[in-house]
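Dear colleague,

Please look through the sequence and the coordinates before reading my notes.

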Amino acid sequence: MANSWRRERWDSFRLLTPNWQSRLPGLGYEGPDPDGYMTMGEVTEFIERFAVLSGAPVRTSTNVTSVRRTDGGYDVTTDHGEIGCRAVVIASGACNQPVVPKFSEAVPSSVRQLTPFGYREPGRLPDGGVLVVGASATGVQLAAELRRSGRPVILSVGEHVRLPRTYRGRDVLWWMDASGVWDQRYDEVDDLTRARRLPSPQLVGTPERATLDLNALTAMGVELVGRWAAVRDGRALFSGGLRNVFSLADLKMRRLLDGFDAWARTSGREAEVGPPESFEPTRVPESARLQLDLNSGEIRTIVWATGFRPDYGWLDVPVVDEKGRLRHDGGVVDSPGLYALGLPMLRRRRSTFINGIEDDARDVIGHLAQDLAVRS
Amino acid sequence: MTTVANGVNVQALLDAREVLKTAPEAAQFVWRASSKWQNGVHSTTTVKEFFGLGQEQTHKNEAVFDADHPDVFAAEDNGITPIEYLLVGLASCLTAGVASVAQNRGIQLRSVEATLEGKHDIRGILGADADVRNGFTDIKVTFNIDADASKQDIEALVAQSQKRSAVFDAITNPTDVTVEVA
Ligand SMILES: Cc1cc2nc3c(=O)[nH]c(=O)nc-3n(C[C@H](O)[C@H](O)[C@H](O)COP(=O)(O)OP(=O)(O)OC[C@H]3O[C@@H](n4cnc5c(N)ncnc54)[C@H](O)[C@@H]3O)c2cc1C
């Protein structure tokens, strides 16, 4: 129960979504701080409470080792026996394995390499500098925490999603929710593949509700370098395209915030929010380095915050594409009786978050129930 | 959407994108050039054939490029310096990107001009200082664009054009290069 939160997150982890957005069907946040952000322990408790409330017959500590198509449904093999079923909902998560680029194999063995699954807290890392790779939610959070522990930190930055924690006095995710951005449907967006691959936003949930964009990291003394492209002769080579990833993120953020402003004007919500705000463009480092000698001892650890992927190794039904992603249409998998929940932008933008499951589950289970009724 | 006329057949490109998603073999192109030494540091390079969409292809016309070094390098200046060809490639690639993205976004362009400046410390190539690299120290591209769009939209055009640029990528990221003697 709540396995991914219990085992796959670092010690200081908090949700980046505010408490009031942590909703499961029939269970909302009822604590004293709706605008706060849950710690890992609180998330675990929240899910455990939901388990009791829903009374779903969960078989804990049971791994599914294979799912096979049969005449009338599916054969599910677990490490505690077989289950025959007419329908299966795949809710195994989108982030089962950290993704690490192939060139990590060329990193000298004197440098320790970690993924977010192996990272717990700064004190467990070897002394010395850290290179954090990836500037999405995980990367910016770990870079900040490592820098605060007093270490030299270099952050390698590719394409990213910049967001202020609050805009016009409200949580930026309040705007996403209220203005309808999070309700955008999967069959309405221009490029669904891209929308589903969108990196997580540069956000952190802290009691101070502080913004953790690249300017905040620069101010803390984190050194920014471009996207890590290759290792050659023991040197990390970084892209010289840093300025453009900054521009792309600055422009996209502004377009999003302009959309919020327009929504506030047309929907008569101006009174609920503060005056429009503008943000300084991402500051370009004086001279970003293009290389780093990995043998020099300058950095002792690399933390790969380069994303996650699902693991469908146990799914013996041909519904996974060449990139390892499940082929589905809004959670309806292309195999009768097979469904999916809990994937990024499954049916709407909010699907990526805990907040999305309620609507998604209703739609997907509606389809499933109808399918079973037709088949019986 | 109002129709804009930037002269880019975006529909063909979008169609190609869809087709190549399921036919990655056809997307494998090979660009070729062959060069011949003339005299001194003067050479000519010709470009005519390439491979793509599963077969040999030919440009309508063969193109010939002279490269040399200027007077100040004690050469005859029969053509531009090789490193200047990188600026030519970058300028034309980004400009093509701006036009394509504008077409796709329904933005009418009236003029697109770019000036490029590549800073170069030639102590590197002369072997005068081992700490100086051979290539550009940095490159600056300044676009001047007149179009039916806001400043923000124009900036987004230029950003997207860099994001999809072959030459921008080739210059900003390392490429594995093999040079051998036949
Ligand atoms: C680092 C990180 C930070 C996040 N932060 C937030 C946030 O702040 N706010 C937010 O709303 N969302 C956040 N998310 C997204 C959030 O995790 C998901 O929306 C949510 O966890 C989806 O729940 P789930 O149950 O579908 O998947 P998961 O939580 O991934 O759970 C899937 C479960 O299935 C199990 N499983 C997988 N394969 C098998 C198998 N073969 N047999 C048996 N069991 C299996 C896994 O062990 C796991 O317990 C974050 C995600 C990550 C990775």
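Predicted model: local features only at pLDDT ≥ 70, side-chain atom pairs only at ≥ 80, totals over all residues.

Residues are numbered from 1 along each chain as its sequence is written, chains are lettered from A in the order in which they are written, and side-chain values use heavy atoms, without hydrogens and water.

Chain A is divided into domain 1 (3-96 + 309-375) and domain 2 (98-308), with bounds from an automatic or database domain assignment. Between them, the two domains of chain A bury about 3,100 Å² (accessible area, 1.4 Å probe, lost on being put together and summed over both parts). On the domain 1 side, Trp10(A), Leu16(A) and Arg349(A) lose the most area to domain 2, together 23% of what that side buries.

Two salt bridges are found across this interface (a side-chain nitrogen of Lys or Arg within 4 Å of a carboxyl oxygen of Asp or Glu). Elsewhere in these notes, a salt bridge joins the side chains of Arg350(A) and Asp183(A), at 2.9 Å from N to O.

An open sheet of five strands in chain A has the order S6-S15-S7-S8-S11, with parallel pairing (strands are DSSP runs of E, at least two residues, numbered from the N terminus; two strands pair if DSSP finds at least two bridges between them). Its edge strands are S6 (112-114) and S11 (223-226) of chain A.

Yours sincerely

Conventions. Helix = DSSP H or I, 4+ residues; strand = E, 2+ residues; numbered from the N terminus.
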